[in-house]
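Open the model in your viewer and keep the selection tool at hand. The stops below go from a helix pair to the nonpolar cores.

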Amino acid sequence: MPDAAGRPPASLSVFFPALNDSGTIASMVIRAVQTASELTPDYEVIVVNDGSADATPDIIDELARTYSHVRAVHHPRNRGYGGALQTGFRSATKDLIFYTDGDAQYDPAEVAVLWAQMRPGVDLVNGYKISRSDPWHRIVIGRVYHHVVCTLFNLTLRDVDCDFRLMRRRIFDVVQLEKNSGVICLEMMKKFQDAGFRVAEHPVHHYHRAYGKSLFFNFPRIYHTAIDVMKLWWRLAIRREHMKAQQMRAAAAGLGKRP
């Protein structure tokens, strides 16, 4: 439907990074197709298979054959969560980009509430979990991580790691992401904030994992994440080496002067 000024609705890219999500990805894609079609006639749904070893590749190929708006993108080998997100952002072709994980801990239909918040003057709508449906130790670790990184990186978000985001594609005319690990979410939000992009926030539901298990919550991975965070802190918060390049790209893209 056109808006109050008679303008057509924005176009929308939805994408899911997927790793061994054969038990959930079909329902996620179907729900995303249903919701996106109600928001705009110009949409696409992309699944980035990050080297899955289960039936995920076959399922998303079948979904792409069944639904004309669905595309499957395959990584022959696992590139990490950050690598999957980078592929999703590069593959998206529409005005707005929404992504969430393929494990069904979020409901893609709730992109509609983010869509309603994407008003003029807003560049990104960041979801934050109403209540985290995870084991207690994951909740504790998640809260500690959130407060530590918000302090280190001077972030003002309610939820740095809520992978439920709707953003304008033009952001990536300015911001270039580099991390292949899970800290890409931290890199993303720090660079968005430093580039001066305007963020709105909205609560979303978080559900118990119905299939598979998290690959993050083990001690070796937590250790490597801590090292990755400190390296990122040195580059983005101390040396701020990204700022000059972002300012140059913003000027070239005609987005005005960014702080």
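How do helix 1 and helix 2 lie relative to each other: roughly parallel or roughly antiparallel? This is a predicted model, so start by selecting residues 25–39 for helix 1 and residues 56–66 for helix 2. The two helices pack at an angle of about 25°, and their axes are 10 Å apart. Angles under 35 degrees count as roughly parallel, and helix 1 and helix 2 are therefore roughly parallel to each other. Their crossing is right-handed.

Next, show the side chains at the contact. From helix 1, select I25, A26, V29 and I30; from helix 2, select I59, I60 and L63. By class, this contact has seven nonpolar residues, with no polar and no charged ones.

Now move to the largest nonpolar core, which has 36 residues. Select F89, M167, L186 and M188, the members that touch the most others in this core. To see where the core comes from, colour strand 2 (43–50), helix 3 (80–91), strand 4 (96–100), helix 5 (136–153), helix 6 (184–194) and helix 7 (219–238); each supplies at least two of its residues. Helix 6 gives the largest share, six residues.

Centre the view on F89. Leaving aside residues up to four places away in sequence, F89 touches F15, I97, Y99, M167, F172, L177 and M188.

For the last stop, select F16, A18, V29 and L166, which are among the 31 residues of another core, apart from the largest one. V29 also belongs to the contact of helix 1 with helix 2.

Technical notes: Residues numbered from 1 in each chain as written. Predicted model: local features only at pLDDT ≥ 70, side-chain atom pairs only at ≥ 80, totals over all residues. Heavy atoms only, no water. Axes fitted to C-alpha atoms, helices over the stretch in contact; angles between N-to-C directions. Helix = DSSP H or I, 4+ residues; strand = E, 2+ residues; numbered from the N terminus. Parallel < 35°, antiparallel > 145°, perpendicular 65-115°, else oblique. Left-handed = near helix turned anticlockwise from the far one by under 90°. Contact = heavy atoms within 4.5 Å. Nonpolar A, V, L, I, M, F, W, Y, C, P; charged D, E, K, R; others polar. Core = buried A, V, L, I, M, F, W, Y, C linked by side-chain atoms within 4.5 Å. Buried < 20%, exposed > 50% of the residue type's maximum accessible area, 1.4 Å probe, protein only.
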